[in-house]
Amino acid sequence: MRQIIADIFNCNIDEVSDLKPLKKGMTNDSFIFKIGESEKRYIIRSPGVGTDKLIDRHKEHAVYQVVAPLGFCDDIVHFDPLTGYKITAYWEGVRVCDRLSSADIAASMAKLRKFHTLHLTVPHTFCPFERIAFYESLWEGRPSHYADYAATKAAVMGLKTYVDAQDNVHCLAHIDAVPDNFIFLPNGQIKLIDWEYAAMADPHLDIAMFIVYAMYDRAQTEQLIDHYFTGTCTMDIRRKLYAYIAICGLLWSNWCEYKKMLGEDFGEYALRQYKYAKEYYKIFKEITS
């Protein structure tokens with residue numbers, strides 16, 4: 001890793017100091033480091049196992065070209081769309097959104113809503129149904145370890161007709177707008193990081209993604225929806241959000257099954273995603289019938 005950093009900064013390898021792991025993410029690993037005598041710290045993102053099949057770094061780079069000038073994202077120092085290595089400035093004294101804090105949730109949803117209202121565009125799109133099928137294809141014929149997977153998949157995929165019939169306005173969506181990606185700076189600003197899945201989509205997908213990652217129960221789900229829509233969410237949109245929660249649950253469940261085949265097990269998170277697919281499909285059907 002030191003040699004990679006040295007090559008990027010065009011410096012000697014011994015100038016790379018204080019290199020240490022920052023976090024092991026679900027898709028990437030991150031390390032913090034310094035260069036030379038400077039006290040300024042940086043973060044380098046190293047793509048995780050199997051990431052080359054999951055992420056198109058050229059598309060991610062295109063997204064950063066759009067959002068970086070607007071101040072929504074991390075401060076990019078280096079981005080290589082060929083290797084996926086990304087270096088950003090390290091922010092001191094920051095924290096992530098507390099998924100149990102009403103104040104944090106309200107602030108994060110206000111930030112997300114502001115981003116959506118810009119109606120930004122990029123050339124590529126994100127279709128959750130295509131992703132569900134794609135992640136399953138990565139299993140290379142190996143069956144799901146859920147005995148009722150075929151029935152669950154058929155039910156969730158059947159939601160496509162309903163979702164496509166809605167009056168959806170697509171714009172640039174984050175897709176991975178989860179609590180850990182909302183960064184609260186000491187000066188009061190909120191930044192959104194990790195844009196590798198971002199693409200054109202129904203922005204309401206971002207709300208469902210936040211919910212399933214935070215592993216919210218039904219009451220917490222309703223509260224989050226009310227925060228985003230400031231208490232004005234219609235039943236039609238709420239119904240669509242229930243469908244999206246089921247869809248996102250199966251999508252990330254399939255993603256987790258692929259990662260498990262590579263030796264990474266996400267435990268309760270993976271199980272909860274599959275449960276979201278089943279439970280919120282049932283909720284959707286109950287309020288639609």
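Tyr-280 is buried, its relative accessible area being 3%, where buried denotes under 20% relative accessible area, exposed over 50% and partly exposed in between (1.4 Å probe, protein chains only). Tyr-242 is likewise buried, with a relative accessible area of 3%. The model is predicted: local features need pLDDT of at least 70, side-chain atom pairs count only at pLDDT 80 or more, and totals for chains, interfaces and linings use all residues. Residues are numbered from 1 along each chain as its sequence is written, and side-chain values use heavy atoms, with hydrogens and water left out.

**Aromatic pairs**

Rings of Phe, Tyr and Trp (its six-membered ring) pair if their centres lie within 6.5 Å; planes under 30 degrees apart count as stacked, over 60 as edge-to-face and the rest as tilted. By this rule there are 20 aromatic pairs. Two of them are tabulated below.

| Pair | Centre to centre | Angle between planes | Class |
|---|---|---|---|
| Tyr-162 and Phe-284 | 4.8 Å | 65° | edge-to-face |
| Tyr-242 and Tyr-280 | 6.0 Å | 45° | tilted |

Tyr-162 in helix H7 (residues 160-164) and Phe-284 in helix H11 (residues 267-288) are 122 residues apart, so that their pair links distant parts of the chain; helices (H or I, at least four residues) and strands (E, at least two) are DSSP runs, numbered from the N terminus. Both Tyr-162 and Phe-284 are buried. The pair of Tyr-242 in helix H10 and Tyr-280 in helix H11 also links distant parts of the chain, 38 residues apart.

**Nonpolar cores**

A nonpolar core is a set of buried Ala, Val, Leu, Ile, Met, Phe, Trp, Tyr and Cys residues joined through side-chain atoms within 4.5 Å. The largest has 78 residues, of which Val-67, Phe-182, Trp-195, Phe-210 and Trp-252 touch the most other members. Helix H10 (residues 235-261) gives the most to this core, namely 14 residues. A second, separate core of ten residues includes Ala-6, Val-16, Ile-35 and Tyr-42.

**Sheet and crossing helix**

Three strands form an open antiparallel sheet in the order E6-E8-E9; two strands pair if DSSP finds at least two bridges between them. Strand E6 (95-96) and strand E9 (190-192) stand at the edges with a single partner strand each, so one side of each is left without a neighbour in the sheet. Two bridges pair E6 with strand E8 (residues 182-184) in the antiparallel sense, and Arg-95 has Phe-184 in E8 as its bridge partner.
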